[in-house]
Amino acid sequence: MREIVLEARAVTRTYGTGTGATHALRGVDVEIEQGRFTAIIGASGCGKSTLLQTLGGLDAPTSGKVLLEGQDLYALPDAALARLRRTRLGFVFQAFHLLPEYTVRDNILLPLLLDKREPDEEYLALLTRQLGLTALLQRQPTQLSGGQQQRLCIARALAVKPEVLLMDEPTSALDPGSTMKVEELMSELKKNYTVVIVTHNMQQAARISDRTAFFLLGELVEVGPTNQIFSTPRDKRTEDYISGRFG
Ligand code: ADP
Ligand code: MG
């Protein structure tokens, strides 16, 4: 049994009120294990992004708790939560959110500089080499391809040595070639990091993750080892989704 780094306990998230309310999460319990690569899959609108943001301290649940190594994130004062997010969690989004005026190197360093932390040059050199960015450090983000920009985002997220790396559809804006490179890189990362990836691409989840969680309409239907979820799902709804049958 591995250590649980991050967990959601009975998390609900409702957007809006009354008849216009959307119940994006309907009581989710999920445990993210140390050193594993977890994929969250499910159809568009089932609550994957909401869950990731809630797990990452970006969006408070309507009820329930999120614990990072036992610490209740949303019980923290705002400033402490913001600091925890910057120092202990890494985010990679579908959109890059890079600063076009800064070099690649400065984009990577920004989260550290915000906290007046000294960069660990040896680690950064390793990271940029692993991500294929070493030769690009003095460029501007606008001079990079989409795949290079996404690798830069991954480097920026990892620069702080986060306890968990959270990625929301990180390859959905990329062409197949760049997607393949980013997937190879993610397979490398799983040796050293705890990663949670949201993807609507089941093949991607099957290729790169150790564990898969299947979501449907704001509920976690089933979670388990990726090969088991894809070969012998326990729940009929998982089976229907994976085999392309809905309803
Ligand atoms: P997914 O990432 O699986 O596509 P989301 O978490 O983005 O799903 O959305 C889950 C549900 O919550 C959807 O019905 C979506 O329309 C709704 N939703 C997401 N964000 C908001 C928001 N900021 N305001 C209102 N509804 C939202
Ligand atoms: Mg989403």
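**Group meeting: a walk through a predicted model**

Hi everyone, let me start with one residue: E239 counts as partly exposed because its relative accessibility is 36%, where buried means under 20% relative accessible area, exposed over 50% and partly exposed in between, with a 1.4 Å probe and protein chains only. E239 is found in helix α9, residues 236-242; helices (H or I, at least four residues) and strands (E, at least two) are DSSP runs numbered from the N terminus. Leaving aside neighbours within four places in sequence, E239 is in contact with P233 and R245, contact meaning heavy atoms within 4.5 Å. From E239 to A60 it is 179 residues in sequence and 31 Å in space, C-alpha to C-alpha.

A quick word on conventions. This is a predicted model, so local features need pLDDT of at least 70 and side-chain atom pairs count only at pLDDT 80 or more, while totals for chains, interfaces and linings use all residues. Residues are numbered from 1 along each chain as its sequence is written, chains are lettered from A and ligands numbered from 1 in the order written, and side-chain values use heavy atoms, with hydrogens and water left out.

Now the whole chain. The secondary structure comes to nine helices and ten strands, and 50% of the 247 residues count as buried. Among contacts between residues at least 6 apart in sequence, 67% join residues at least 24 apart.

On to the inside. Which residues touch the most other members of the largest nonpolar core? They are I108, I154, L158, L165 and M167, out of 42 residues; such a core is a set of buried Ala, Val, Leu, Ile, Met, Phe, Trp, Tyr and Cys residues joined through side-chain atoms within 4.5 Å. The largest share of this core, six residues, comes from α5. Apart from it lies another core, of 27 residues, among them V5, L52, L76 and V196. Going back to I108, its contacts include L124, L152 and A159, not counting residues up to four places away in sequence.
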